[in-house]
Amino acid sequence: MKTTITFLGTASVVPEAGNDTASFLLNGTHLIDAGWYSALNMLRYGFNPMDLDCVFLTHCHHDHYLGLAGILFYLRMRQSERPDRPPLHVIGPEADIHRTLDRAHAYLQTDRFPDVGLDPVVTRVRPGDSLEREHFEVATVAGVHSVQAIAYRFTDKATRASIAISGDTARNPAIADLAHGCDLLIHEASSGAIPMDLAVHSGHSSAMDAARVAALASVKRLALVHCAEPLRPDALAAAQAIFANTFLPEPGETVEVAPVRTLPGDRQKLTSN
Ligand SMILES: [Zn+2]
Ligand SMILES: [Zn+2]
């Protein structure tokens, strides 16, 4: 048993060739943000969208929800293959999650084509809420962004591994509190190594901002995302100067966050079977 996170995309705002907008798959079953090509990328990287338990949205800007309609459509079209599949849960900021789902259904024209409609179970999150899922404990705080935004911390009940995800946000001490001591912090770095001028660009972070949050939170590792390709090399260097254990995840890369330690007795059992 292990906790994994797969980077379905790491790009900012618009996708790049071979790199979708920032979106992540936890244990192959929990999608955090729906990048433009989420369903397609799951298939491309060896996952089955039919295994999706939940879609969490950090906020409802386009680069974080454009793939939602595709996921709903995919699950509905394949429904007959797995009629006993539990309903999909869609979880996101209380201010916008219903509107975004309604618009996704409008895009799918479910009024004209009722057979493509899929009714997920919706949870509206207020910043600060704690959620209990079957396999994860989920804590939240508000991001500092131009729309209501949620930063999440997921703790795997089986492994106790924890991953915090900033979503889009200006540098925010509350995210350091949320992420304190976690195994992996995935933080946006929209402006790369260019200092973020809050007076001009509110609601986003530089790589240095992300690294300072990681250092303040004493996390084990920091992954920089939501950073355009030309900015990435400088972003990595700038962040590592502040927080050495920083990396730039590759699209499609799966990171094992914290494997359960196998006790010697268990190992024997495993090898003898
Ligand atoms: Zn964004
Ligand atoms: Zn945004």
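Visitor: To start with one pair of residues, are Asp63 and His64 buried or exposed?

Guide: This is a predicted model, in which local features need pLDDT of at least 70 and side-chain atom pairs count only at pLDDT 80 or more, while totals for chains, interfaces and linings use all residues. Residues are numbered from 1 along each chain as its sequence is written, chains are lettered from A and ligands numbered from 1 in the order in which they are written, and side-chain values use heavy atoms, with hydrogens and water left out. On a scale where buried means under 20% relative accessible area, exposed over 50% and partly exposed in between (1.4 Å probe, protein chains only), both Asp63 and His64 come out as buried.

Visitor: Which residues are the protein donors of the zinc ion (ligand 1)?

Guide: Donors are N, O and S atoms within 2.8 Å of the metal (3.2 Å for Na, K and Ca), and a site may look incomplete because water is not among the atoms. In sequence the donor residues of this zinc ion (ligand 1) follow the spacing D-H-x103-D-x57-H. At 2.1 to 2.2 Å from the ion, the donors are Asp63 (OD), His64 (NE2), Asp168 (OD) and His226 (NE2).

Visitor: And which residues coordinate the zinc ion (ligand 2)?

Guide: Along the chain, the donor residues of the zinc ion (ligand 2) are spaced H-x1-H-x83-H-x22-D. At 2.1 to 2.4 Å, the coordinating residues are His59 (NE2), His61 (ND1), His145 (NE2) and Asp168 (OD).

Visitor: Which residue coordinates both zinc ions?

Guide: The zinc ion (ligand 2) and the zinc ion (ligand 1) lie 3.6 Å apart, with Asp168 coordinating both.

Visitor: What is the centre-to-centre distance in the aromatic pair of Phe7 and Phe247?

Guide: Rings of Phe, Tyr and Trp (its six-membered ring) pair if their centres lie within 6.5 Å, and planes under 30 degrees apart count as stacked, over 60 as edge-to-face and the rest as tilted. Phe7 is buried with a relative accessible area of 0%, and Phe247 is buried as well, at 11%. With 90 degrees between the planes, the pair is edge-to-face, and the distance between its centres is 6.4 Å.

Visitor: How many residues apart in the chain are Phe56 and Phe154?

Guide: Phe56 and Phe154 form an edge-to-face aromatic pair, 4.9 Å centre to centre and with 85 degrees between the planes. The pair joins distant parts of the chain, since Phe56 lies in strand E5 and Phe154 in strand E10, and the separation in residues is 98.

Visitor: Which residues do ring pairs link into a cluster?

Guide: The structure holds 7 aromatic pairs. Phe56 is buried, with a relative accessible area of 0%, and Phe154 is buried, with 1%. The cluster linked by ring pairs consists of Phe56, Phe136, Tyr152 and Phe154.

Note on methods
Helices (H or I, at least four residues) and strands (E, at least two) are DSSP runs, numbered from the N terminus.
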